[in-house]
Amino acid sequence: MPAPHTFGPSGRILDTSALAQAATGKSIYARTLIELALASGANTLLIPVTAYIQALADIPQDLRWTLMLLTTSPGVELDLIDDREKAHEIADVGATDPALAHTAWCGLQYGWPLVTDRGADLLQISPDLQIESLP
């Protein structure tokens, strides 16, 4: 098992859909949630690096700067896959979509809500996940 996290006591995990919808403006909810978290500084926003990569691939290239800016903001952390053991743990989650598996792993590791439009898929991986559904 990985070492315990060192972020604040509470936070949210943003999946591919939350990132893409915030960047494109498709979801005012996702955009507002991010803005409020950044303004308050009380909650960490955790972004699995695989979800970040997928979101970059999904959104128009001229909007990528919004995600790059987000990942450099205080209170935002990228969850990197920095060793083989962690990669194996994520693969063992049981999802064939690497970004979804990584997001689920983060939710199980940190116990924070997952901001997503794929709640049903994530709950199939583990019913113990907390889902904050995008409208």
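This is a predicted model: local features need pLDDT of at least 70, side-chain atom pairs count only at pLDDT 80 or more; totals for chains, interfaces and linings use all residues.
Asp 97 is partly exposed, at 25% relative accessibility. Residues are numbered from 1 along each chain as its sequence is written, and side-chain values use heavy atoms, with hydrogens and water left out.

What does the side chain of Asp 97 meet in a salt bridge? The partner is Arg 118, at 3.0 Å from N to O. A salt bridge is a side-chain nitrogen of Lys or Arg within 4 Å of a carboxyl oxygen of Asp or Glu. The pair links distant parts of the chain, 21 residues apart. Asp 97 sits in the loop between H5 and H6. Arg 118 sits in the loop between strand E4 (114-116) and helix H7 (119-125). These labels follow DSSP runs, numbered from the N terminus: helices are H or I with at least four residues, and strands are E with at least two.

Arg 118 is partly exposed, at 30% relative accessible area. Arg 118 also forms a salt bridge with Asp 121, and here the closest N and O atoms are 3.1 Å apart. Asp 121 counts as partly exposed too, at 31%. Shared partners join Asp 97, Arg 118 and Asp 121 into one network.

The whole structure holds four salt bridges. One of them joins Arg 12 to Glu 132, with the closest N and O atoms 2.6 Å apart. Arg 12 lies in strand E1 (residues 11-14) and Glu 132 in strand E5 (residues 131-133), so this pair ties together parts that are 120 residues apart in sequence. Arg 12 is partly exposed, at 23%. Glu 132 is buried, at 14%.

Now follow E1 to its neighbor. E1 and E2 pair in the parallel sense over three bridges. Two strands pair if DSSP finds at least two bridges between them. Gly 11 stands opposite Thr 44 in E2. On to E3 (residues 76-79): four bridges join E2 to this strand, and the two run parallel. Ile 47 has Leu 78 in E3 as its bridge partner.

How many residues of strand E2 are buried? Five of the five, in residues 44-48, so E2 is largely enclosed by the rest of the structure. Thr 44, Leu 46 and Pro 48 point one way. Leu 45 and Ile 47 point the other way.

Helix H1 (residues 16-24) is mostly covered as well, with eight of its nine residues buried. Among them are Leu 19 and Gln 21. Just after H1, Gly 25 takes a positive phi of about 85°.

Helix H5 (residues 84-91) and helix H6 (residues 98-110) meet at an angle of about 100°, with their axes 8 Å apart. That makes H5 roughly perpendicular to H6. Axes are lines fitted to C-alpha atoms, for helices over the stretch in contact, and angles run from 0 to 180 degrees between N-to-C directions. Under 35 degrees counts as roughly parallel, over 145 as roughly antiparallel, 65 to 115 as roughly perpendicular and the rest as oblique. Lys 86, Glu 89 and Ile 90 in H5 contact Ala 101, His 102 and Trp 105 in H6. Contact means heavy atoms within 4.5 Å.

Technical notes. Buried means under 20% relative accessible area, exposed over 50%, partly exposed in between (1.4 Å probe, protein chains only).
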